[in-house]
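Please keep the sequence and the model at hand while reading.

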Amino acid sequence: MIFVIVMEVLNALIKEADRREILTTLPSRSIKHPMSHYADDLMLLLTPKLEDFECIKQVLDLYTGASGLTTNVEKCHMTLIRCSSQVLASLQTVFPCVIQDFPCKYLGIPLSLQRLRRSDEHALVDSVAARIPTWKFGLLTHADRVLLTKVTLSAIPVHLSIAYCLSTWAINQIDWRRQAFLWAGTDQVSGGKCKVA
């Protein structure tokens with residue numbers, strides 16, 4: 001709990017820099033929040049300008065002085081979208097971290113400028129289906145299956161939906177597997193085993 005409170009301080013510092021327009025406004029109007037943090041993981045969206053990176057470096061130094069928590073630059077990743085190698089070289093003088101190619105993944109979510117392809121959505125459907133055989137159906141009551149369906153099989157697509165709008169095909173495929181597990185304890189089911197539509 002204390003760590004979450006301390007992370008909120010970092011969140012507030014970056015929001016204040018953004019509010020005072022010290023950080024350059026992002027070009028897309030659809031990006032409302034320039035940062036996302038989950039536990040000890042932080043993602044910042046910045047324009048590739050030296051001043052912005054120097055500002056973030058100063059914010060992180062201020063945060064380190066206040067909290068005692070230091071940023072491990074060796075574990076940080078910088079992913080550039082449509083930037084030249086000269087820009088990259090200048091940014092690394094301020095923030096020398098690992099360069100990661102784009103598109104990439106953040107907390108298991110594929111990040112891209114385009115909509116998810118069917119192959120990406122198929123991997124999501126497979127990750128839902130892969131959970132089902134690992135559970136011992138014979139030892140689970142109907143209430144247990146309802147709980148697992150809500151907590152696990154529903155959480156996977158919700159997590160991805162934070163960043164993407166899933167296609168109707170993907171939602172239907174996931175729902176079909178959730179229904180199969182709920183009524184039959186398998187990843188496939190016929191209509192005769194479903195107690196309600």
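## Backbone features in the loops

P103 has its place in the loop between strand 4 (98-100) and strand 5 (104-106), where helices (H or I, at least four residues) and strands (E, at least two) are DSSP runs numbered from the N terminus. The peptide bond leading from F102 to P103 is cis, with omega near 5°. This is a predicted model, in which local features need pLDDT of at least 70 and side-chain atom pairs count only at pLDDT 80 or more, while totals for chains, interfaces and linings use all residues. Residues are numbered from 1 along each chain as its sequence is written, and side-chain values use heavy atoms, with hydrogens and water left out.

Most residues other than glycine have a negative phi, and most peptide bonds are trans. E21, in the loop between helix 1 and strand 1, has a positive phi near 60°, and R82, in the loop between strand 3 (77-79) and helix 3, has a positive phi near 55°. Relative accessible area is used here with a 1.4 Å probe and protein chains only, buried meaning under 20%, exposed over 50% and partly exposed in between. E21 is exposed at 65%, and R82 is likewise exposed, at 74%.

## Overall architecture

The protein chain has 7 helices and 6 strands, which follow one another from the N terminus in the order α-β-β-α-β-α-β-β-β-α-α-α-α. Of its 197 residues, 28% count as buried. Among contacts (heavy atoms within 4.5 Å) with a separation of 6 or more, 57% are between residues 24 or more positions apart. The accessible surface, from the Shrake-Rupley method with a 1.4 Å probe and, for residues, only the protein chains shown as cover, comes to about 13100 Å², of which 58% belongs to carbon and sulfur atoms.

## Nonpolar cores

A nonpolar core is a set of buried Ala, Val, Leu, Ile, Met, Phe, Trp, Tyr and Cys residues joined through side-chain atoms within 4.5 Å. The largest one has 18 residues, of which L10, I14, L23, F53, M78 and F95 touch the most other members. Helix 1 (2-19), helix 2 (50-67) and helix 3 (85-94) each supply at least two residues of this core, the largest share, 6 residues, coming from helix 2. Leaving aside residues up to four places away in sequence, L23 touches I14, A17, D18, L46, D52, C55 and I56.

A second, separate core of 15 residues includes V125, W135, A170 and I174.

## Individual sites

P34 lies in the loop between helix 1 and strand 1 (35-38) and is buried, with a relative accessible area of 17%. Beyond its neighbours within four places in sequence, P34 is in contact with D18, L26, M43, L44 and L45; the C-alpha atoms of P34 and D18, 16 residues apart along the chain, are separated by 8.3 Å. T149, in helix 5 (residues 142-153), is buried at 6% relative accessibility and touches S154, R178, F181 and L182, again not counting residues up to four places away in sequence.

The charged end of R118 sits over the ring of W169, 4.3 Å from its centre, by a rule that asks for NZ of Lys or CZ of Arg within 6 Å of the ring centre and within 35 degrees of the ring normal. With a disulfide taken as a pair of cysteine sulfur atoms within 2.5 Å, the count comes to 0 disulfides. C83 is partly exposed at 27%, whereas C165 counts as exposed at 65%.
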